[in-house]
Amino acid sequence: MEAPMEGLTLLEEEEGAAASAFTGLIAVFGRFGTWLSANPWLLVAAVCPCGTEEDQDPPRERPSESSNFISTEVWGLLECLGFVGILVAWASLVFVIKTEHYFEELCEPNAWLTGNTTLTGNATGQTDFKAQDEKFSLIFTLASFMNNFMTFPTGYIFDRFKNTVARLIAIFLYTTATLTIAFTSAESALLLFLAMPMLTVGGILFLITNLQVGNLFGKHRSTIITLYNGAFDSSSAVFLVIKLLYEQGVSLRASFLFFSVFSVWHVGRTFLLLPRGHIPYPLPPNYCYGLCSGRDSREEEQKTVESKELEGQSEFVSPKEEIPDPGQQKELRSFWGYAFSRRFAWHLMWLSMMQLWHYIFIGTLNSLLTTPAKGTRYVVGIYTNAFAITQFFGVLCAPWNGLLTDLLKQRYQKKASKTGFSASAVALCSTVPCLALTSLLCLGFALCASVPVLPLQYITFILQVISRSFLYGGNAAFLTLAFPPEHFGKIFGLVMALSAIVSLLQFLIFTFIKGPLQNDPFYVNVMLVLVTLLTFMHPFLVYGECQRKEGPPAIA
């Protein structure tokens, strides 16, 4: 009879601590938002296609086209915010479907106290739910694996069949997934193994088609790309909204039926605010698109081919090297030459190790919070909400990585134009600070996540969202600068697919923690922190490569 009173005392203590820490969390982001609103020019610079006389070659576009660019960027941002990366807030959905008794038959009979939300059974309250938690972890592992692994084939679909076909496939996958989840119940819970991977694949295909929007904004391309990657993280707030609506009486079915109906908007945007083909970079003069552009598809394709030729000349050739010498020609390797390069291998390690940390944290967050909360679901719910809210601010954190990359790239390009240094070398150097900063943020996140103290997890959540935003935005920006543009789609897809294979280790690690380690993740956390330290090798090696390449072009 004392267990409920102990749970109530713990509830009161944790509620006060959680409320205090949560207020501090909101205050931090509130001050950031106030500062940002006082300096709006920083975000305007990211989305405005106009700039200094250096930034554009007049005449680039008519005023109506400029408005069309802004509309495409804004609606694309909203699409990424609302639909692309909702899997990040998996813990919020797990909270709901646990309440709906999904896989509850796997729990031991005395797992719940009658009329109380406090767990019983053993000292930690976790062993009783081991099988249920493993099911949820397996679903998340499969969905997150498909999210990355399918980037390569979906990228090929986008390259081969272009924008409209790729988006229609994404809409089909996404709508089918939301309808499946809407009509799933505890009796048909196994359908989540089909629905969640379809949801993530549809979302990543939406992201791929939206990343090209950065091509509309010239020298701010990296900023737009990282902004959209940040929106990918922030879309996790969708599952939080579903959780909050569920607590107010809105059923899970009603929420996902709403998402299914909203697919009509995706179709409209596909035909009205995006071209049928690819958005070229750099943009040809008077480039326009959409249903009212009146541009013939063959003409648009010709403009795209001409733009790719211009890009190939501008990105990897210094202004003083209009005619490449034999030393430069050696750099024009095939796709597989770059895929087997040391630069690609170290970048794959850099991305995979930090991504594994994030996936383990997200996939096991519900069970990790339950242990220090002694199974008090109200406390777990508070921290789950806090985590989902912090994910929303990824859209504000991510652009700073791209902005830093753009500024450094412009600075090094000016240096190259004055000294005759290799343009590819100085562009590569601009990525070094961003790579090192991302590793440092992930190390801080890993250290905080390893300490099982509930109030400290608010700091963990903040570092996690900043680190994740920098990780994926920095990945896209690095691949843009470190490899030729004609191989970008294949390189991006390959690195995400291979990192997905590494991410499969998360389920084995989760099983290892629940089994031999008896729910104590200390030794696993220490190992992962040490692995995170290895990621600092990547920026050092890139810097060393820049030092070797820097200087006037070598003559063979």
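Is Asp133 buried or exposed, and what is its relative accessible area? Asp133 is buried, with a relative accessible area of 7%. Buried means under 20% relative accessible area, exposed over 50%, and partly exposed in between, using a 1.4 Å probe and protein chains only.

**Before selecting anything else**

This is a predicted model in which local features need pLDDT of at least 70 and side-chain atom pairs count only at pLDDT 80 or more, while totals for chains, interfaces and linings use all residues. Residues are numbered from 1 along each chain as its sequence is written, and side-chain values use heavy atoms, with hydrogens and water left out.

Colour the model by pLDDT, the predictor's confidence in each residue, from 0 to 100. The mean for the protein is 74, and 72% of its residues reach 70 or more. Select residues 32-64, where pLDDT stays under 50 and the model has 41 contacts beyond four places in sequence; contact means heavy atoms within 4.5 Å. Residues 111-127 also stay under 50, with 32 contacts beyond four places in sequence. Where pLDDT is low, the predicted coordinates should not be read in detail.

**Stop 1: Asp133 and Lys98**

A salt bridge here is a side-chain nitrogen of Lys or Arg within 4 Å of a carboxyl oxygen of Asp or Glu. Asp133 lies in helix α5 (residues 130-149) and Lys98 in helix α4 (residues 90-99), so the pair ties together parts that are 35 residues apart in sequence. Helices are DSSP runs of H or I with at least four residues, numbered from the N terminus. Lys98 counts as buried, at 19% relative accessibility.

**Stop 2: Glu79 and Arg167**

The whole structure has five salt bridges. Select the one between Glu79 and Arg167, where the closest N and O atoms are 2.8 Å apart. Glu79 sits in helix α3 (residues 63-84) and Arg167 in helix α6 (residues 151-182), 88 residues apart. Both Glu79 and Arg167 are buried.

**Stop 3: Glu545 and Arg343**

Move on to Glu545, which forms a salt bridge with Arg343, the closest N and O atoms being 2.4 Å apart. This pair links helix α25 (residues 537-549), which holds Glu545, to helix α15 (residues 342-363), which holds Arg343, across 202 residues. Glu545 and Arg343 are buried. Elsewhere, salt bridges that share partners join Glu79, Arg167 and Arg269 into one network.

**Stop 4: Asn210**

Which residues does Asn210 touch, not counting residues up to four places away in sequence? They are Gly76, Glu79, Cys80, Arg167, Tyr228 and Arg269. Asn210 is found in helix α7 and counts as buried, at 0% relative accessibility.

**Stop 5: Val201**

Stay on helix α7 and select Val201. At 6% relative accessibility, Val201 counts as buried. Beyond four places in sequence, Val201 touches Met146, Met150, Thr154 and Leu173. Asn148 is 53 residues from Val201 in sequence and 8.4 Å away in space, C-alpha to C-alpha.

**Stop 6: the nonpolar core**

Last, show the largest nonpolar core, which has 124 residues; Trp90, Met196, Leu216 and Phe239 touch the most other members. Helix α7 (residues 192-211) gives the most to this core, with 13 residues. A nonpolar core is a set of buried Ala, Val, Leu, Ile, Met, Phe, Trp, Tyr and Cys residues joined through side-chain atoms within 4.5 Å. Centre on Phe239: leaving aside neighbours within four places in sequence, its contacts include Trp90, Met196, Leu199 and Phe256.

Conventions
Helices (H or I, at least four residues) and strands (E, at least two) are DSSP runs, numbered from the N terminus.
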